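This report is written for a reader who is meeting a protein model of this kind for the first time. Please keep the sequence and the structure in view while reading.

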Amino acid sequence: MADPLTLFTSVGLSEQKAKETLKNEALSSALKEAIAKAQQVLGASGIDKSMGTLLYTMVSRLRDPRRLGFLTDQIAQRKICTELQLAAALEFVKGHPQDPINQKEFDTLCGVGVVITPEQIEDKVEQVIKKHKEQLLKERYRFNMGLLMGEARCGLMWADGKMIKNEVDLQVLHLLGPKTEADLEKKPKVPKAKAPAGDALVKEELTVNGELKIEGRSLMDQLRGAALNFHKPGENYKTEGYVVTPKTMDLLKEHMKVTGGQIRTRFPPEPNGILHIGHAKAINFNFGYAKANDGICFLRYDDTNPEKEEEKYFTAIKDMVEWLGYKPYAVTHASDYFQTLYDLAVELIRRGHAYVCHQRGEELKGHNPPPSPWRERPAEESLVLFDRMRQGLFAEGEATLRMKTVMEDGKLDPVAYRIKYTAHHRTGDTWCIYPTYDYTHCLCDSIENITHSLCTKEFQARRSSYFWLCNALDVYCPVQWEYGRLNLTYTVVSKRKIIKLVETSIVRDWDDPRLFTLTALRRRGFPPEAINNFCAKVGVTVAQVTMEPHMLEACVRDVLNDHAPRAMAVLEPLKVTITNLPEGTWNDVRVPDFPANEFMGSHVVPFTRTIFIEQSDFREVIEKGYKRLTPDQPVGLRHAGYVISVQKVIKDAQGRVAELEVLCCSSHEVAEKPKAFIHWVSEPKKCEVRLYERLFLHKNPEDPSEVPGGFLSDINPNSLQVIDCALVDCSVSKAKVFDKFQFERVGYFAVDPDSTEDKLVFNRTVTLKEDPGKI
């Protein structure tokens, strides 16, 4: 046989393409095999360039090497002659992984023997052009010619695309004649109408069937149907890398009987910590994918490590899933299946795929740990030792059960079971051996007939072992799909690091509003809809995504702007006495809950002789650009219909402004409209307000190159400011924990659980989105 380079160029590959192919050992080996098989049919010189191109395309796209001989034979016999037929053939063998192949069905679905004549193409194109003739004459060459091509091809599936295009061009030219100067002019772009800021109607147009549209696509749109190119239920074998065994198709049939073809996903958190913002993406992806496709999603606790699990985490996880708006089809636990998992481990040993090992944990650490000297231990011996492990006859760390497989990251023989003399929160002291994630995860998915096992990208290295374990035991094998994690800057989400923050009293607990755990975000006042919208905006990506907190905050503002009723609060009060109002004056002022839409309700606040304004809304000396109250500049009071002007400034012993005496008049009586209208309170309630800033000073507090002293050295000393003498209008007096408000001109706030009947506590959720240059 000729040398590989000459061989490849002899069948039509360019020299450059042949050299590139030779760099890929697997591809070049497959191509040599295909050429050799084709030459057995056609002879040494029987492969022309078009056939050589088909052979190259076939071997470069074929995922099941067992089908190379069959497809090569179809090409050599000229049954497969076009790229279109080859694409259909590749799809066919992908969907029929088991022998024998039904040749008749293959021929039908791949257009074998179908001949499309030029006359048929001409007739079909003529029909299509006749259908669109009126629009063609109107739009001429600005008409979408791709539409004509597409409709013509629908009727002539196996026709040559070039021939259809040439016929379309010819008939269009015959109908319209040559292009004119007007045809060559660029089509003017239609400017998009800008929506008024805060226009509620425009926002409603971005909502379809209750699904928020983000940049044109809702989360459900991103997850629905074939949008993600996931396999259909029962077609697991069409997934690249999925291993087909002699029992695969029978197992899939049984699986389909149980599920009825319904999509099944699961969200499997470890109950050893509180969920964070990254988990919100996982929740939305798992529950959302099932919901978008009329499927079901399990909440399954991966409770295989009794040392770190606490009941409060189980409760908090379920609360957060439901808070985000999802209801699990069923709540399950890995511990529900402990007996089944143990029985499967015994079977794995019997089949020679697992063994009891006595290497210590420290020996297994690092990139290249030594192979186990007990790897070839007889199955009978491992069965006895595994039973002794269960009976508690070994000390912790003295024995493990390991699986005979190599993971994608090169890790050899991962541990399946280890010994832990710790009572389990559900099973008590029944077990002293517990399965690992690598063993438990895929088998629980199999037991629950999960169709799509959705994991973050770091679990990609476990995909091959996932498939291996299910197939080694001949149980139904789901498909693992990976997606990118969601990370935020200026925070940490590691359980260990959050515990350190709590232990050092930097934060109060897991729900401290400066953290990005879901309980902390709820306490701060973030609406669940905003978090879901943020996940939709991030999108379902394969690559890891790191976002800035302000993008999440923007989603929060969007929701709160529409749903948080307005109130007035003064954080740093300055007393104002209106001297031209008599003592005992009490007027009811009606304040709209949503000024942009007064039909959404209102509340009443009192207006008396004494009011309070923000200290920052008064200055003794007017400065350029300052539009609020000064001795020489009046100001309007929001919603009250009054304008006040300063008569006297009263100071305390330290020379600080303590009170203002002012005159007021109706805003209709002033000759010139005030430059500003400020908020105020009268007969207010005293409250505590907590203002939050970023907890860390640097974007990446865990990065040693950015923060050499470690994340604990990067704490922002101004991350929390407590104002214990703020004043809020009486409309909020009956507010409940987590109720949300917009304090006009101040920001969005939520009622904190520390509130009492005597004193409300408010957390600032986010600031208002205002012009940063506004004074």
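## Salt bridges

Glu347 and Arg350 form a salt bridge in which the closest N and O atoms are 3.7 Å apart. The structure is a predicted model, and the values below are computed from it. Both residues of this pair belong to helix 18 (residues 338–350), where they stand three residues apart, about one turn of the helix. Glu347 has a relative accessible area of 27% and is therefore partly exposed. Arg350, with a relative accessible area of 53%, is exposed.

A second pair consists of Glu548 and Lys699, whose side chains meet in a salt bridge at 2.7 Å, N to O. This pair links distant parts of the chain, the two residues being 151 residues apart. Glu548 lies in the loop between strand 14 (545–547) and helix 25 (549–563), whereas Lys699 lies in the loop between strand 25 (685–692) and strand 26 (720–728). Lys699 counts as partly exposed, because its relative accessibility is 35%.

Is Arg690 buried or exposed? Residues under 20% relative accessible area count as buried, and Arg690, at 9%, is therefore buried. Asp752 is buried as well, with a relative accessible area of 0%.

| Pair | N to O distance |
|---|---|
| Glu347 and Arg350 | 3.7 Å |
| Glu548 and Lys699 | 2.7 Å |

How many salt bridges does a search of the whole structure find? The search finds 44. Some residues take part in a network of salt bridges, which links Arg508, Asp511, Arg523, Glu688, Arg690, Asp752 and Asp754.

In soluble globular proteins, nonpolar side chains tend to be buried together. In this model, the largest nonpolar core has 95 residues, and the members that touch the most others are Ile277, Phe386, Tyr417 and Tyr439. Helix 16 (residues 277–292) gives the most to this core, contributing nine residues. Apart from this core lies another, of 36 residues, which includes Ile35, Leu55, Phe70 and Ile101.

Which residues does Phe386 touch, not counting those up to four places away in sequence? The contacts of Phe386 are Tyr342, Ala345, Val346, Ile349, Val356, Leu401, Tyr417 and Ile433. Asp387 is placed in helix 19 (residues 379–390). With a relative accessibility of 32%, Asp387 counts as partly exposed. Between Asp387 and Val346 there are 8.9 Å in space, C-alpha to C-alpha, although the two are 41 residues apart in sequence.

## A sheet and its helix

Three strands form an open sheet in the order 4-5-6, with parallel pairing. Strand 4 (264–267) and strand 6 (330–333) are the edge strands, each pairing on one side only. On average, neighbouring strands of this sheet are turned by 30° against each other, direction ignored. Strand 5 (residues 296–301) runs parallel to strand 6, and four bridges join the two. Arg300 has Thr332 of strand 6 as its bridge partner. Helix 16 packs on the sheet and touches strand 4 and strand 5; the direction of the helix makes about 160° with that of strand 4.

Among the buried residues of helix 4 are Met51, Leu54, Leu55 and Tyr56. The elements covering the buried residues of helix 4 include helix 2 (15–23), helix 3 (25–42), helix 5 (68–76) and helix 6 (83–95).

Elsewhere, Asn487 lies in strand 13 (residues 486–488). Asn487 counts as buried because its relative accessibility is 17%. Leaving aside residues up to four places away in sequence, Asn487 touches Gln544, Val545, Thr546 and Met547.

How values were computed:
Residues are numbered from 1 along each chain as its sequence is written. This is a predicted model: local features need pLDDT of at least 70, side-chain atom pairs count only at pLDDT 80 or more; totals for chains, interfaces and linings use all residues. Side-chain values use heavy atoms; hydrogens and water are left out. Buried means under 20% relative accessible area, exposed over 50%, partly exposed in between (1.4 Å probe, protein chains only). Contact means heavy atoms within 4.5 Å. A nonpolar core is a set of buried Ala, Val, Leu, Ile, Met, Phe, Trp, Tyr and Cys residues joined through side-chain atoms within 4.5 Å. A salt bridge is a side-chain nitrogen of Lys or Arg within 4 Å of a carboxyl oxygen of Asp or Glu. Two strands pair if DSSP finds at least two bridges between them. Axes are lines fitted to C-alpha atoms, for helices over the stretch in contact, and angles run from 0 to 180 degrees between N-to-C directions.
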